[in-house]
Amino acid sequence: MKKTNETVVKLAQTALIAALCYVCFTFLQIKIPLPGGDATSLHIGNAVCVLGALLLGGWYGGLAGAIGMGIADIMDPIYITVAPKTFVLKLCIGLIVGLVAHRVAKINESTDKKYVFKWSVIASVAGLAFNVVADPLVGYFYKQYILGQPQEVASVLAKWSTVTTFVNAVVSVILVAVVYNALRPALIRSGLLKIKSEKTA
């Protein structure tokens, strides 16, 4: 029964993070129009995806980002065609952040604030660095071979995507470092975030 309740709570938290991803991407983005009716954008949706992975684990956080930002793409006529790419990449961001934070560093087993801060930043950088490389690269091949765009157009889009994805990554790492480490003590006290042991690292 306890296990079932924990799963229900985690699913509810995943839905909340997904909704935040959707809101941050849809309403808090700066869209930059590009040739061929396409666009790229500056946004903090990835920051929420990373935050979800730090709080809930890689699978739940990645799924929240994938669902929230995937739906955001589907609801936008400019981005609807890249929704499958978005779903896969955001899921991967969450999985990488979760792997580093929870499997490698085991931050949910530590009460050492400096240790947790350091590894939350490292995990964020790992997930978002992947995205800086993968988003324009996958986008280039996706647009050229799946959507049939000319190579020149796909190349221009990839270059712009690299710039905006890098800016998004830097902003997101800073934002996540501040928000996660500020929220963590309050979530632990409220029982919404469980520390598996009292050992410090």
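This is a predicted model: local features need pLDDT of at least 70, side-chain atom pairs count only at pLDDT 80 or more; totals for chains, interfaces and linings use all residues.
Local features were considered at pLDDT of at least 70 and side-chain atom pairs only at pLDDT 80 or more, whereas totals for chains, interfaces and linings use all residues. Residues are numbered from 1 along each chain as its sequence is written, and side-chain values use heavy atoms, with hydrogens and water left out.

Helices are DSSP runs (H or I, at least four residues), numbered from the N terminus. Helix α3 (residues 58-74) packs on helix α4 (residues 83-104) at an angle of about 160°, and the two axes lie 7 Å apart. Axes are lines fitted to C-alpha atoms over the stretch in contact, and angles run from 0 to 180 degrees between N-to-C directions. The angle makes α3 roughly antiparallel to α4, a term applied to angles over 145 degrees. The crossing of α3 over α4 is right-handed, that is, the near helix is turned clockwise from the far one by less than a right angle.

Contact is defined as heavy atoms within 4.5 Å. On the α3 side, the contact is made by G58, W59, G62, L63, G65, A66, I67, M69, G70, D73 and I74; α4 contributes A83, T86, F87, K90, L91, G94, L95 and G98. By class, this contact of α3 with α4 has 10 nonpolar, seven polar and two charged residues. Here Ala, Val, Leu, Ile, Met, Phe, Trp, Tyr, Cys and Pro count as nonpolar, Asp, Glu, Lys and Arg as charged, and the others, Gly among them, as polar.

The largest nonpolar core has 39 residues, and V50, L54, V97, I107 and Y180 have the most contacts inside it. Such a core is a set of buried Ala, Val, Leu, Ile, Met, Phe, Trp, Tyr and Cys residues joined through side-chain atoms within 4.5 Å; buried means under 20% relative accessible area (1.4 Å probe, protein chains only). At least two residues of this core come from each of α1 (2-27), α2 (45-56), α3, α4, α5 (113-146) and α6 (151-190). The largest share, nine residues, is supplied by α2. Leaving aside neighbours within four places in sequence, V97 is in contact with V50, A53, L54, A123, S124 and G127.

Y140 is placed in helix α5 and counts as buried because its relative accessibility is 18%. Beyond four places in sequence, Y140 is in contact with Q151, A154, S155 and A158. The C-alpha atoms of Y140 and V125, 15 residues apart along the chain, are separated by 23 Å. Q13, in helix α1, likewise counts as buried, at 19% relative accessibility. Not counting residues up to four places away in sequence, Q13 touches L56 and L192.

Definitions and conventions: Angles under 35 degrees count as roughly parallel, over 145 as roughly antiparallel, 65 to 115 as roughly perpendicular and the rest as oblique. Buried means under 20% relative accessible area, exposed over 50%, partly exposed in between (1.4 Å probe, protein chains only).
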